[in-house]
Amino acid sequence: QVQLVESGGGLVQPGGSLRLSCAASASSFSTYAMGWYRQAPGKQRELVAILTSGGSTNYVNSVKGRFTISRDNAKNTVYLQMNSLKPEDTAVYYCNAHRTLLSRNYDYWGQGTQVTVSS
């Protein structure tokens, strides 16, 4: 079982920045693909960014060039640096840990952290 704890959310003005952190309890953290998802009111949860165990990244088009996902395997932590924030980035952001082991998928979620972009 992996526990994920997000932090770093809050209220920020348009154009501002925030850095989200997600601390994981997994002893084999480096073997997990780590992702950030978000869910706005009335909308489905969407993938924002993913960082594989091999170091590959992928972003939803709407955040490319503004958000950066990174990880520190020594600290069992994944980050999401969010710059040039827009009101449409307002959502609850969730951290996800995923790996496939012996053909079985394992997914773990954090409790979420609120990000509000508003003037």
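Predicted model: local features only at pLDDT ≥ 70, side-chain atom pairs only at ≥ 80, totals over all residues.
**Entry 1: strand pairing**

I began with strand 9, residues 91–101. Which way does it run against strand 4, residues 33–39? The two are antiparallel, and seven bridges join them.

Next I looked up strand 10, residues 104–109. Strand 9 and strand 10 run antiparallel too, joined by six bridges. Here alanine 97 has tyrosine 108 of strand 10 as its bridge partner. I then checked the turn of this hairpin. Two residues lie between strand 9 and strand 10, and leucine 102 takes a positive phi near 55°.

Strand 11, residues 113–117, came next. It pairs with strand 9 in the antiparallel sense over three bridges. Tyrosine 93 faces threonine 113 of strand 11 as its opposite residue.

**Entry 2: aromatic pairs**

How many aromatic pairs does the structure hold? I found two.

One is tyrosine 32 with tyrosine 108. I noted 6.3 Å centre to centre and 65° between the planes, an edge-to-face pair. Tyrosine 32 lies in the loop between strand 3 (18–24) and strand 4, tyrosine 108 in strand 10, so this pair ties together parts 76 residues apart in sequence. Are these two tyrosines buried or exposed? Both tyrosine 32 and tyrosine 108 are buried.

Then I turned to tyrosine 37 and tryptophan 109. Their ring centres are 4.9 Å apart and the planes stand at 65°, so I logged this pair as edge-to-face. The cut-off for that label is over 60 degrees between planes. Tyrosine 37 is in strand 4 and tryptophan 109 in strand 10, 72 residues apart, and the pair links distant parts of the chain.

**Entry 3: charges over rings**

I stayed with tryptophan 109. It counts as partly exposed, because its relative accessibility is 37%. What sits over its ring? The charged end of arginine 45 does, 4.7 Å from the ring centre.

I looked up another case at phenylalanine 29. Arginine 71 lies over the face of that ring, 4.7 Å from its centre.

**Entry 4: salt bridges**

I counted three salt bridges. Which residues do they link in a network? I wrote down Arg38, Glu46, Arg66 and Asp89.

I took arginine 38 with glutamate 46 to start. Their closest N and O atoms are 2.7 Å apart. Arginine 38 has 6% relative accessibility, so it counts as buried. Glutamate 46 has a relative accessible area of 30%, so I logged it as partly exposed.

Arginine 38 also meets aspartate 89 in a salt bridge, at 3.0 Å from N to O. Arginine 38 lies in strand 4 and aspartate 89 in the loop between strand 8 and strand 9, so parts 51 residues apart in sequence are tied together. Arginine 38 and aspartate 89 are both buried.

Arginine 66 forms a salt bridge with aspartate 89 as well, with 2.8 Å between the closest N and O atoms. Arginine 66 lies in the loop between strand 6 (57–59) and strand 7, and aspartate 89 in the loop between strand 8 and strand 9, so this pair ties together parts 23 residues apart in sequence. Arginine 66 and aspartate 89 are both buried.

**Entry 5: the nonpolar core**

The largest nonpolar core has 31 residues. Which of them touch the most other members? My list reads Leu4, Met34, Trp36, Leu80, Met82 and Tyr93. I also traced where the core comes from. Strands 3, 4, 5 (46–51), 7 (67–72), 8 (77–82), 9 and 11 each supply at least two of its residues.

Beyond four places in sequence, methionine 82 touches Gly16, Ser17, Leu18, Leu20, Arg66, Phe67, Tyr93 and Val115. Arg66 in that list also belongs to the salt-bridge network.

**Entry 6: threonine 52**

Where is threonine 52 found? I placed it in the loop between strand 5 and strand 6. Its relative accessible area is 28%, so threonine 52 is partly exposed. I then checked what it contacts. Leaving aside neighbours within four places in sequence, I found Tyr32, Ala33 and Arg71. Threonine 52 and tyrosine 32 are 20 residues apart in sequence, yet 6.9 Å apart in space, C-alpha to C-alpha.

Notes
Residues numbered from 1 in each chain as written. Heavy atoms only, no water. Pairing = 2+ DSSP bridges. Helix = DSSP H or I, 4+ residues; strand = E, 2+ residues; numbered from the N terminus. Phe/Tyr/Trp six-rings, centres within 6.5 Å; stacked < 30°, edge-to-face > 60°. Buried < 20%, exposed > 50% of the residue type's maximum accessible area, 1.4 Å probe, protein only. Lys NZ or Arg CZ within 6 Å of the ring centre and 35° of its normal. Core = buried A, V, L, I, M, F, W, Y, C linked by side-chain atoms within 4.5 Å. Contact = heavy atoms within 4.5 Å. Salt bridge = Lys/Arg side-chain N within 4 Å of Asp/Glu carboxyl O.
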